[in-house]
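Student: I'd like to go through this structure with you and ask what lies behind each term. Could we set the values against the definitions as we go?

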Amino acid sequence: RGDEPGAARRDAEMKPDKPSAKKTKRKPALEKKSSGTMDGAFLDLFWQLASTAADARKAAALDLVKRLKAAPDAAAAAYALKRLVGGLLSPRDGARAGCA
């Protein structure tokens, strides 16, 4: 029956389609460095930067600068830059002010 006109097309139509699942590349998680820069207190600074209280934002900004200067860590600096830029785009007034 393969010699009939349109047999190849009919056979192709009967085969199930392969799913075209796209694999997304996952970014590697930030690892905690031995310097301890990426600890919970460091991460909490970004929440404090978004506070509506000006004094809390100022203290968090000073602490962030001190931590980044004390233990230069490329991963922590890149993370801080990402969070600060993201904060500028935030709809929250405190976050925009704290990240500016």
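Student: Which residues in H2 are buried?

Tutor: They are Phe42, Leu45, Phe46 and Leu49. Buried means under 20% relative accessible area, exposed means over 50%, and partly exposed lies in between (1.4 Å probe, protein chains only). Before we go on, this is a predicted model, in which local features need pLDDT of at least 70 and side-chain atom pairs count only at pLDDT 80 or more, while totals for chains, interfaces and linings use all residues. Residues are numbered from 1 along each chain as its sequence is written, and side-chain values use heavy atoms, with hydrogens and water left out.

Student: How do you know that the length of H3 is close to the expected one?

Tutor: The expected span is 1.5 Å times one less than the number of residues. H3 (residues 54-70) has 17 residues, for which 24 Å is expected, and the helix reaches 24 Å from its first C-alpha to its last. H4 agrees too, because its 15 residues should span 21 Å and its end C-alpha atoms are 21 Å apart.

Student: Why do the buried residues of H3 line one face?

Tutor: Arg57, Ala60 and Leu64 are the buried residues of H3. Seen down the axis, they fall within an arc of 65 degrees, so they line one face of the helix. Exposed residues Asp55, Lys58, Lys66, Lys69 and Ala70 are on the face turned away from the buried side.

Student: What do the buried residues of H3 pack against?

Tutor: They pack against H2 (40-49), H4 (74-88) and H5 (93-99); contact means heavy atoms within 4.5 Å. In H2, residues including Phe42, Leu45 and Phe46 meet residues of H3, among them Ala60, Leu64 and Leu68. By class, the contact of H2 with H3 has ten nonpolar, one polar and three charged residues, where Ala, Val, Leu, Ile, Met, Phe, Trp, Tyr, Cys and Pro count as nonpolar, Asp, Glu, Lys and Arg as charged, and the others, Gly among them, as polar.

Student: What is the handedness of the crossing of H2 and H3?

Tutor: The crossing is left-handed. That term applies if the near helix is turned anticlockwise from the far one by less than a right angle, and right-handed applies if it is clockwise. The axes come within 8 Å and cross at roughly 145 degrees; they are lines fitted to C-alpha atoms, for helices over the stretch in contact, with angles from 0 to 180 degrees between N-to-C directions.

Student: Why is cysteine 99 called buried?

Tutor: Its relative accessible area is 13%, which is under the cut-off, so cysteine 99 is buried. Cysteine 99 lies in H5 and, leaving aside neighbours within four places in sequence, is in contact with Arg83, Leu84, Gly87 and Leu88. The C-alpha atoms of cysteine 99 and glycine 87 are separated by 5.5 Å, although the two are twelve residues apart along the chain.

Student: And is alanine 77 buried, exposed or partly exposed?

Tutor: Alanine 77, in H4, has a relative accessible area of 37%, so it is partly exposed. Serine 90, found in the loop between H4 and H5, has 16% and is therefore buried.

Terms used: Helices (H or I, at least four residues) and strands (E, at least two) are DSSP runs, numbered from the N terminus. The arc is that of the directions from the helix axis to the C-beta atoms.
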